[in-house]
Amino acid sequence: MCGIAACILENDKAAPILLGCVKKLEYRGYDSVGIATLNSSIIVEKDEGKINDFEESLDLSKFQGRIGIGHVRWATHGPPTRENAHPHLDCDGKIAIVHNGIIENYMELKNELKSEGHNFASETDTEVIAHLIEKYKNRGHNLEEAVRRALIRLKGAYAIAVISSDEPDKIIGARKESPLIVAKGERGYFLASDIPAILDHARDVIFLDDNEMVIIDDTGARIKDLEGNIKKKEYKYIEWTPEMAEKGGYDYFMLKEIHEQPQVLRDTLREINTIQRVVDEIGEIKRICFVACGTSYHAAFVGKYLFESILHIPTDVIIASEFQYTANALDKETLTIFITQSGETADTLNALRAVNKKSKTLAIVNVLGSTATREADHVIYTRAGPEIGVAATKTYISQLACIYMLAAAIGRKTEIVKDLRKLPDEMEKILEKEELIKEIARTYKNKSDFLFIGRGFSYPTALEGALKLKEISYIHAEGYASGELKHGPIALIEKGVPVVAIAPPPLPLKTGAKIVKDEEEFRNSHSLTLSNVKEVKARGAEVIGLGAEDDEEFKKNTDKYISFNPSIREEISPLLYIIPLQLLAYHISVMKGEDPDHPRNLAKCVTVV
Ligand code: M6R
């Protein structure tokens, strides 16, 4: 998705610092990049392609001035070309703008502006904003008033940063349905769509709300609503450090983030008291409805198995983009839980808004101050730190941990948290098996299709394993409930097709914890998956098994086997068994020469529907 960075510095030149901020936005997924700085006039450079190539081609000495705006673009209106890259200018090159979001009425505005003599250089919706501001400036308004008038005319979503050579000591920002933060640091002020962009320079941040503008000049930052009223807002200190958003010696962010998972789990587990407080505030819950997209949806899916089997609370799990078509039976005794790493996913936010007070809402979010945290009734932070790799890994683990702790808090089942505390050490042991996983990656990297199968708690793990593989290695992969194989997918099995089978051990017959209602049922899920493994093996599949160290029966029916401590039973296995699958996807991607941090066509945060 698009990303914005802008700065107004006290003494330093803007261009090199701005470029550094823009580079921190790379992870969002983009196809073009650009910056503009302001001295007595505006200098713009932009191009399609990668930031590093753009940087190499730049002559930084031509960028004068301590004020600048920068952007990475993910094409929506108009293909990824130099002309469509941001910043965009007005007719005279005196106003420059960068924009995230989509202006829905841009065609109507473009026709109006064209008929008034404005000339357009791009196919984007963004460029109309530059010309609209120009129109109001030409009527004698100052920049602030011209921007305000332009914003009132826009329908759709925006986060913008605007500069003008007529008022060369100022930046104006504004947001509606697309995030924008104002940050204050030692060198000056910054605007950005994401926290990692500014972490090197500032940690005191204001999160703008919808329909707010910020005017930054040498007197400081003033926030106003679109009627022009001053809004008083406090800076919040961001605890994420710049190092957290660096690769720290790893080749890719994704690998670093996979290896951070034991620590992330330890950190997230410290939230148990906060989660208990949130549960006490929420009060009685008779039904739960999880809503999320992608990996967050898979975390939610684990939540369904957990809440229904352990707490016996009826639980739905709905893909956020489908929510509006299905969720008509909400009531005050339902808790609708939105899971979103970014807190900015448009589909999830739309669903959150559609609840419209019909049920209580809870958001489980990683990014502090993001929109979901401000619109839900209750919030739980996952505390995973910044996740830069587009493929979600450590945030998945932290979401799962929050869901398990939520179950523990609702059901007053402290034994669940005790079980989770064993997991960071087990995660470290699994990470030590990376060489084995690399070898498996080498063996299967050229396959064109993979199946992932599991039952019960392992079904969401199968879905997530398949998603990881397809999104970063571009290999076709499907996750199935093992029992579904015979209803169709088994037709795909022929000699050599890799099938990843996930079959952790069932609960022991005598469990002090008694957290599963019917141990026999779980025993069954394990032995039934083993039957499915034999079925695919008999048809020529190559089975990669994930199971307990001592599960000889399973092991002997596989071609490759990744073994886990047998004491990690089915109901907490999702937090552990996903790790080798993340590593498998990562190593296949790298071995195929792909860039796992920047998968094609994907963005870290999907702010369009
Ligand atoms: O920020 P969110 O958790 O709301 O994002 C949801 C999905 O877009 C995200 O999980 C996506 O599926 C990732 N590419 C998964 O790796």
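User: How many residues of domain 1 are in contact with domain 2, and how many of domain 2 take part?
Analyst: This is a predicted model, in which local features need pLDDT of at least 70 and side-chain atom pairs count only at pLDDT 80 or more, whereas totals for chains, interfaces and linings use all residues. Residues are numbered from 1 along each chain as its sequence is written, and side-chain values use heavy atoms, with hydrogens and water left out. Taking contact as heavy atoms within 4.5 Å, domain 1 contributes 15 residues, and its partner, domain 2, contributes 16.

User: Which residues form the salt bridge across the interface of domain 1 and domain 2?
Analyst: A salt bridge requires a side-chain nitrogen of Lys or Arg within 4 Å of a carboxyl oxygen of Asp or Glu, and the rule finds one across this interface. With an N to O distance of 2.2 Å, the side chains that meet in a salt bridge are those of Arg 374 and Asp 209.

**Cysteines**

User: Is Cys 289 buried or exposed?
Analyst: A disulfide is a pair of cysteine sulfur atoms within 2.5 Å, and by this rule the count is zero. Cys 289 is in no disulfide, the nearest cysteine sulfur, that of Cys 293, being 13 Å away. Buried means under 20% relative accessible area, exposed over 50% and partly exposed in between (1.4 Å probe, protein chains only). At 1% relative accessibility, Cys 289 therefore counts as buried.
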